[in-house]
Amino acid sequence: MHQHINTHLFIIPKINQERLNNYTLKFKKKGMKPPPTSSSTSTSNLLRKARLSPYLFTLLAFILFATLLYGQDIGCILGQLDLDIITPNQPLSIPKKHYKKLPFSIGETENCDFFSGKWVWDPINRPLYQESECPYIQPQLTCQEHGRPDRDYQFWRWQPHSCSLPSFNASLMLETLRNKRMMFVGDSLNRGQYVSMVCLLHSLIPDNAKSMETFGSLTVFTAKDYNATIEFYWAPFLLESNSDDAIIHRVSDRVVRRGSIIKHGKHWKGVDIMVFNTYLWWMTGLKFKILQGSFDDEVKDIAEVSTEDAYRMGMKSMLRWAKRNMDPKKTRVFFTSMSPSHQKSVDWGGEPNGNCYNQTEMIADPNYWGTDCRKSIMEVIGDVFSKSKYPITFLNITQLSLYRKDAHTSIYKKQWNKLTPEQIANPPSYADCVHWCLPGLQDTWNELLFAKLFYP
């Protein structure tokens, strides 16, 4: 008997190269009109009575006029920054009346925080697809194929406290993507969300009308009849780094080049829906190395800064790129928060030296927060995003994913290196507690993405 667990909280289509290479964001300034002539007499009288300098009065009148004219627009711009939950304990919310209609949205769900809810056992409606029916799942994520004996992790549905998530509508999603590009940019966790999205959609597309191909850092799924692509671009830090090779990137001494997002960003131009993520690769300790010059320099100028300061630099670079290259009137940008791992079973009261291996139940403690998720990083995100005027939608998958220690690939995946006898005798030593089985948790991430795309 399962009980509800409450929780708190290819052929690439032709892409216009001119649009890719020269796409720039141009904002048109509204024309300013002088105050109505009818007020000229009263204004003159007021000047004489108050004995104000005409220059000072003109300045004050201009400020007042601009405030009246643009006040609502300013509120809308700020309101488009979706900060439903940035910090885990004290969510920041913006009144719905300040929201400006965002591109692709078709409605609103009033007074609903999609990210605060409970996991509900739902074997009738879950999973949303079968592992064996989606040929695009990578062997690192096919847990059933690699011998996982249970399937309970597939049957949980996320239920917000004050509303219901809109049902994922694959037809609507595909029609929305007609003649458009959707791209996921980040690390292998974002690639898992990308593959999940493809699996949610591909069954509606005939076999001869879809393809998937990889070109270096870029993987492209094409729905030919829709002239649409869903793409993944490997950039674990978003900025240029020594881990940018899509195949050979497992380096222990990680270095990121300051202000270098253009190296990757030139491949993102022209995208209509963008989903960023970056977190786990920054977690190398309390310090992080930043390259001041170029990787081609014979003598490299490398500075060590706190991980939080390095991550802040990455977030600011991402927002600057989006502001310069994504038209907020036509496109949408999302950011998926940090994906938790479950490397230490002592975090949830388990046995020492254990991890996600052999875990088949989720964490029931509504206040659980594992040591693998830095609250200081969430605070950086909250601070940087709250100061940005660019409309970006924050997908806070962290808290709801923290409870899912049951949903990792663990040992049930393709092992790229032959296991030693010592590893075989000690399964937790090689269990993958970072990535997630598909179908599974990351389908919920895409349900949340779907909800915030159409019902912001």
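Predicted model: local features only at pLDDT ≥ 70, side-chain atom pairs only at ≥ 80, totals over all residues.
**Helix α11.** Helix α11 covers residues 441–454. From first C-alpha to last it reaches 21 Å, close to the 20 Å expected at 1.5 Å a residue; the expected span is 1.5 Å times one less than the number of residues.

**Ground rules.** I number residues from 1 along each chain as its sequence is written, and side-chain values use heavy atoms, with hydrogens and water left out. Local features need pLDDT of at least 70, side-chain atom pairs count only at pLDDT 80 or more, and totals for chains, interfaces and linings use all residues.

**Whole protein.** I find 11 helices and 15 strands, taken as DSSP runs (helices H or I, at least four residues; strands E, at least two). Of the 456 residues, 54% are buried.

**Aromatic pairs.** I count 22, with ring centres of Phe, Tyr and Trp (its six-membered ring) within 6.5 Å. Trp119 and Trp158 pair edge-to-face (planes over 60 degrees apart). Their centres lie 5.1 Å apart, with 65° between the planes. Trp119 is in strand β2 and Trp158 in strand β3, so the pair ties together parts 39 residues apart in sequence. Trp119 is buried at 0% relative accessible area, and Trp158 is buried at 2%.

**Arg404.** I checked what sits by Trp119: Arg404 lies over the ring face, 4.7 Å from the ring centre. The rule needs NZ of Lys or CZ of Arg within 6 Å of the ring centre and within 35 degrees of the ring normal.

Technical notes. Buried < 20%, exposed > 50% of the residue type's maximum accessible area, 1.4 Å probe, protein only. Phe/Tyr/Trp six-rings, centres within 6.5 Å; stacked < 30°, edge-to-face > 60°.
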